Amino acid sequence: MQNAAPVQLSQVRDFGQIISTTFTFLRQEWRPLFRALAVICIPPAVIAGFLIGKTMGDIQSIGFGDSVNDPTWMVKGMLNQWLPMVLGYILLIAAFLLVVAVTYEYIRAYHLGEHFGITPGDLWKRVSSQLGSYAGIGFLCSLLVGVGFMLCFLPGFFAMTVLGLTMVAHAMERTGVTGSMGRSNNLVRDRFWET
């Protein structure tokens, strides 16, 4: 495909090498990765945008219409308006989770040398088998970081840094939700300030 040598993922690099290697990887692998992202992730994101946009438009039209003076509007109208918006936000979170899962599963396939000729369907099979783990990791890490930020900003930043490599650890090592959190902590421990 390209004349450049394949990128070796498991290497220690300084900051400049990390940036240049990232762009080398994207130059070499952008077609299959972006094709999979487009096929798998864009449909739920478009549906989510439609639902959220329609709900916002409906709420604005109600605010400028005659139904503002109707006392039953708050019960009937708002319930009908908020349900599609909540569904849209759930789909938006799912689309974000799919972007993360597709990207990490492609990087895993690349690391294992299984990326040659990979199709979006093949990648979807990999993603769908691991989607529950990615969702659990995302929920648990978000919860811990959120609690850390509620306590004070410093515990939130600490949790965000320590848990920053959890999904990568799961993608590469398949150690489960709590095992990936522990692995992320071990990887960041000696390089906390750099991370």
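**Exercise 1.** Find how much space lies in the second largest pocket, and which residues line it closest to its centre.

*Solution.* Step 1: the second largest pocket holds about 400 Å³ of space. Here a pocket is an open set of points, on a 1 Å grid over the protein atoms alone, where a 1.4 Å probe fits, with protein on both sides within 12 Å along at least five of seven lines; lining residues have an atom within 4 Å of a point. Grid points are joined across faces, edges and corners, and the volume is the space filled by probe spheres set on them.

Step 2: 20 residues line this pocket, and Phe96, Gly138, Cys141, Ser142 and Met167 are the closest to its centre.

Step 3: helix 2, helix 3 (120–151), helix 4 (153–162) and helix 5 each give two or more residues to the lining. Helices are DSSP runs (H or I, at least four residues), numbered from the N terminus. Helix 3 has the largest share, seven residues.

The model is predicted: local features need pLDDT of at least 70 and side-chain atom pairs pLDDT 80 or more, while totals for chains, interfaces and linings use all residues. Residues are numbered from 1 along each chain as its sequence is written, and side-chain values use heavy atoms, without hydrogens and water.

**Exercise 2.** State how many salt bridges the structure holds, and describe the one formed by glutamate 105.

*Solution.* Step 1: there are three salt bridges. The term means a side-chain nitrogen of Lys or Arg within 4 Å of a carboxyl oxygen of Asp or Glu.

Step 2: glutamate 105 pairs with arginine 174, and their closest N and O atoms are 2.8 Å apart. Glutamate 105 belongs to helix 2 and arginine 174 to the loop between helix 5 and helix 6, so the bridge ties together parts 69 residues apart in sequence.

Step 3: glutamate 105 counts as buried, because its relative accessibility is 0%. Arginine 174, at 27%, counts as partly exposed. Buried means under 20% relative accessible area, exposed over 50%, and partly exposed in between (1.4 Å probe, protein chains only).

**Exercise 3.** Describe the salt bridge between glutamate 173 and arginine 183.

*Solution.* Step 1: the two side chains meet at 2.9 Å, N to O.

Step 2: glutamate 173 lies in helix 5 and arginine 183 in helix 6, so the bridge ties together parts 10 residues apart in sequence.

Step 3: glutamate 173 has 34% relative accessibility and counts as partly exposed. Arginine 183, at 31%, also counts as partly exposed.
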